Amino acid sequence: MRYIALIVGKLLKFIGNKLDKGTSAPGVFAKKIDKKIFSRISYPEKIVVITGTNGKTSTANMVAKVLRDKGLEVVHNTKGANLLGGLLTTIIDHTSFSFKIRCDVLVLEVDEATYPVFTRYITPSHLIVNNFFRDQLDRYGEIEVLVDLVNSGISS
């Protein structure tokens with residue numbers, strides 16, 4: 001099933017690229033086919049994760065640029081798809097059929113509420129936590145809920 005999940009993910013990503021759509025669907029479908037796909041992939045030693053309510057995309061873009069300027073091969077979710085499906089889509093797109101990501105550093109912008117779920121699958125080597133602003137109260141109620149969510153991902 002793992003090969004089928006990877007092939008389906010790559011095929012959907014290819015189709016999505018042609019249609020200029022599909023930043024999350026490839027990862028969502030791949031995970032439905034193989035629930036353990038995250039754990040089957042061999043990740044680089046350096047995984048930089050950026051989270052927080054604001055500034056994730058800008059920070060991730062800056063980090064990726066600095067690392068590329070240093071001559072490192074970087075995989076980065078440039079489309080900003082920062083929920084599990086989008087993160088897995090980015091990963092699958094750069095994973096070989098031997099289940100190894102082809103890069104020196106993985107730089108991922110991760111939604112603040114997705115972070116604790118994400119860390120069940122991948123442990124970052126570096127974590128950047130941006131500010132927490134009250135502009136997300138419509139999604140999560142209180143800012144303390146977000147801080148607790150991120151803390152739970154850090155401590156796991």
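User: Where is Asp20 found?

Analyst: Asp20 is found in the loop between helix 1 and helix 2. The model is predicted.

User: What makes the phi of Asp20 worth a remark?

Analyst: Phi of Asp20 is positive, about 55°, although the residue is not a glycine. Most residues other than glycine have a negative phi.

User: How do you know whether Asp20 is buried or exposed?

Analyst: The cut-off for exposed is over 50% relative accessible area. Asp20 is at 63%, so it counts as exposed.

User: What is the phi of Phe99, and where does the residue lie?

Analyst: Phi of Phe99 is near 65°, again a positive value in a residue other than glycine. Phe99 has its place in the loop between helix 5 and strand 3.

User: Why is Phe99 called buried?

Analyst: Buried means under 20% relative accessible area. Phe99 has 2%, and is therefore buried.

User: How do you know that the span of helix 1 agrees with its number of residues?

Analyst: Helix 1 has 18 residues, which should span 26 Å at 1.5 Å a residue. Its end C-alpha atoms are 26 Å apart, so the two values agree.

User: Which residues of helix 1 are buried, and what makes them a face?

Analyst: Ala5, Leu6, Gly9, Lys10, Lys13 and Gly16 are the buried residues of helix 1. Seen down the axis, they fall within an arc of 125°, so they line one face of the helix. The face turned away from this buried side carries the exposed residues Lys18 and Leu19.

User: What covers the buried residues of helix 1?

Analyst: The cover includes helix 2, helix 3 and helix 5.

User: How do you know that the buried residues of helix 2 are on the same side?

Analyst: In helix 2, residues 25–33, the buried residues are Pro26, Gly27 and Ala30. Their arc around the axis is only 95°, which puts them on the same side of the helix. They pack against helix 1, helix 3 and helix 5.

User: How does the reach of helix 4 compare with the expected value?

Analyst: Helix 4, residues 56–69, has 14 residues and reaches 20 Å from its first C-alpha to its last. At 1.5 Å a residue, 20 Å is expected, and the reach is close to that.

User: Which residues of helix 4 are buried, and why are they said to line one face?

Analyst: Lys56, Thr59, Ala60, Val63, Ala64 and Leu67 are buried. Their arc is within 130° when seen down the axis, so they line one face of helix 4. Met62 and Asp69 are exposed on the face turned away from the buried side.

User: What do the buried residues of helix 4 pack against?

Analyst: Their partners are strand 1, strand 2, strand 3 and strand 4.

User: Why is Thr114 called buried?

Analyst: Thr114 lies in the loop between strand 3 and helix 6. Its relative accessible area is 10%, and buried means under 20%, so Thr114 is buried.

User: Which residues is Thr114 in contact with, leaving aside its neighbours within four places in sequence?

Analyst: Thr114 is in contact with Asn82, Leu83, Leu84 and Leu87.

User: What is the volume of the largest pocket, and which residues lie nearest its centre?

Analyst: The volume is about 160 Å³. The pocket is lined by 13 residues, and Lys13, His76, Thr78, Lys79 and Thr90 lie nearest its centre. Lys13 is also one of the buried residues of helix 1.

User: What makes up the lining of the largest pocket by class, and where does the largest share come from?

Analyst: The lining has nine polar, three charged and one nonpolar residue. Lys counts as charged, so Lys13 and Lys79 belong to that class. The largest share of the lining, four residues, comes from helix 5, residues 84–93.

User: How many helices and strands does the chain have, and in what pattern?

Analyst: The chain has eight helices and four strands. Along the sequence, the pattern is α-α-α-β-α-β-α-β-α-β-α-α.

User: What share of the residues of the chain counts as buried?

Analyst: Of its 156 residues, 44% count as buried. Among contacts between residues at least 6 apart in sequence, 77% join residues at least 24 apart.

Methods. Residues are numbered from 1 along each chain as its sequence is written. This is a predicted model: local features need pLDDT of at least 70, side-chain atom pairs count only at pLDDT 80 or more; totals for chains, interfaces and linings use all residues. Side-chain values use heavy atoms; hydrogens and water are left out. On a 1 Å grid over the protein atoms alone, a cavity is a set of points where a 1.4 Å probe fits but cannot get out, and a pocket is an open set with protein on both sides within 12 Å along at least five of seven lines; lining residues have an atom within 4 Å of a point. Grid points are joined across faces, edges and corners, and a volume is the space filled by probe spheres set on the points. Helices (H or I, at least four residues) and strands (E, at least two) are DSSP runs, numbered from the N terminus. Buried means under 20% relative accessible area, exposed over 50%, partly exposed in between (1.4 Å probe, protein chains only). The arc is that of the directions from the helix axis to the C-beta atoms. Contact means heavy atoms within 4.5 Å. The expected span of a helix is 1.5 Å times one less than its number of residues.
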